[in-house]
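The report below is written for a reader who is new to protein structures. Please look through the sequence and the model first, and then follow the text with both in view.

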Amino acid sequence: MRDIIIILLFLQTLRSLQGQMLPKEIKKCHFGESQCIVNSMNALIKKYPRGIPSLGLKPIDVVDIRNSKFWNDEKVGAFWLTFDLFNQVNYGFENTTITKVSGFDENPTSSLIEIHGRIPSLIHKGSYLSQGRVWIVELNSTGESFSDFQNFRFVLKLKVIMEYRNNKRYLKIYELNPFVNMDRWVFWLDNFFESNTDMTIAINQVFNVHWVEFWNELEPKNLKIFASVFRDLFEDVFKMISYDDMFLPVTQESEVND
């Protein structure tokens with residue numbers, strides 16, 4: 001009896017690993033049916049902001065971010081800075097609206113997959129650690145960081161390859177490049193000058209007045225972070241749900257010869 005139970009459990013597990021399916025209430029589309037895919041993506045975001053673990057869909061109401069290093073200057077001379085962010089989270093992905101997609105064709109490896117979307121307010125919170133020197137002023141501070149990317153727009157361009165498992169096709173991300181834009185970036189660092197609140201307020205005001213220049217300098221690093229965030233959101237879904245199971249089956253039209 002014990003052996004029979006073990007075999008049945010093994011077969012059930014094997015069956016479950018052969019491919020997960022999208023929830024029935026999420027409409028499936030035909031390959032390349034862009035507007036239908038946009039609608040289904042938005043329905044999935046709205047209905048499941050806390051994710052579906054069994055399908056690899058991670059929560060999007062609170063998104064963890066890997067630790068990151070923005071500056072790592074050599075600690076020599078009159079001007080140098082190191083700046084690290086950790087314990088980071090993003091809020092606001094649950095309010096994403098997908099506006100356009102392309103490339104979800106029967107053979108998605110033949111072209112780029114593109115996903116366009118917008119988020120009214122993407123909030124970033126975390127902790128920071130900074131050390132540095134500016135002339136005779138030494139920095140050695142730690143505190144909380146806050147960012148608000150207002151009217152955040154993104155375009156994701158994905159290159160994918162195909163993997164075959166259990167006679168099904170699964171996508172694997174080969175390359176993901178994000179392109180982003182926003183109306184404003186509100187930024188704040190608590191306690192940047194530990195013993196001087198006025199200086200902390202002043203430097204934050206400078207950041208926010210000149211946020212465009214600040215963004216331009218940090219854009220390559222920020223894009224790398226956004227790429228890792230989006231990649232983490234997609235990879236498990238692509239790993240657990242076969243590409244063909246995401247779409248309606250292809251119907252073969254046959255001609256009748258008289």
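The side chains of Asp-232 and Arg-66 meet in a salt bridge, with 2.8 Å from N to O; the term stands for a side-chain nitrogen of Lys or Arg within 4 Å of a carboxyl oxygen of Asp or Glu. Asp-232 belongs to helix α4 (residues 211-240), whereas Arg-66 sits in the loop between β1 (63-65) and β2 (68-72), so the pair ties together parts that are 166 residues apart in sequence. Arg-66 counts as exposed, at 53% relative accessibility, where exposed means over 50% relative accessible area, buried means under 20%, and partly exposed lies in between (1.4 Å probe, protein chains only).

This is a predicted model, in which local features need pLDDT of at least 70 and side-chain atom pairs count only at pLDDT 80 or more, while totals for chains, interfaces and linings use all residues. Residues are numbered from 1 along each chain as its sequence is written, and side-chain values use heavy atoms, with hydrogens and water left out.

**Salt bridges**

By this rule, the count of salt bridges comes to eleven. Side chains of opposite charge can pair when their charged atoms come close. The table lists some of the pairs.

| Asp-232 | Arg-66 | 2.8 Å |

Asp-244 is partly exposed, with a relative accessible area of 29%, whereas Arg-169 is buried, at 16%. Salt bridges that share partners also join Glu-163, Arg-165 and Lys-172 into one network.

**The chain as a whole**

The chain has four helices and eight strands, where helices (H or I, at least four residues) and strands (E, at least two) are DSSP runs numbered from the N terminus. Read from the N terminus on, the elements follow the order α-α-β-β-β-β-β-β-β-β-α-α. Of the 258 residues in the chain, 41% are buried. The chain exposes about 15,600 Å², of which carbon and sulfur atoms supply 55%; accessible areas come from the Shrake-Rupley method with a 1.4 Å probe, and for residues only the protein chains shown count as cover. Among the contacts (heavy atoms within 4.5 Å) with a separation of 6 or more, residues 24 or more positions apart account for 67%.

**The disulfide**

The structure holds one disulfide, a term that means a pair of cysteine sulfur atoms within 2.5 Å. Cys-29 and Cys-36 form this disulfide, with their sulfur atoms 2.0 Å apart. The torsion about the S-S bond of Cys-29 and Cys-36 is about -80 degrees, so the disulfide is left-handed. Cys-29 is buried, with a relative accessible area of 2%, and Cys-36 is buried as well, with a relative accessible area of 8%.

In soluble globular proteins, nonpolar side chains tend to be buried together. Not counting residues up to four places away in sequence, Phe-152 touches several residues, including Ile-119, Val-180 and Phe-226.

Ser-147 is found in strand β6 (residues 137-165) and counts as buried, at 4% relative accessibility. The side chain of Ser-147 makes a polar contact of 3.0 Å with the side chain of Trp-185; a polar contact is a pair of N or O atoms within 3.5 Å, where within protein one must be able to donate a hydrogen and the other to accept it, and residues adjacent in sequence count only if both atoms are side-chain atoms.

Ser-130 lies in strand β5 (residues 113-134) and is buried, at 0% relative accessibility. A polar atom of the side chain of Ser-130 lies 3.3 Å from the backbone oxygen of Thr-82.
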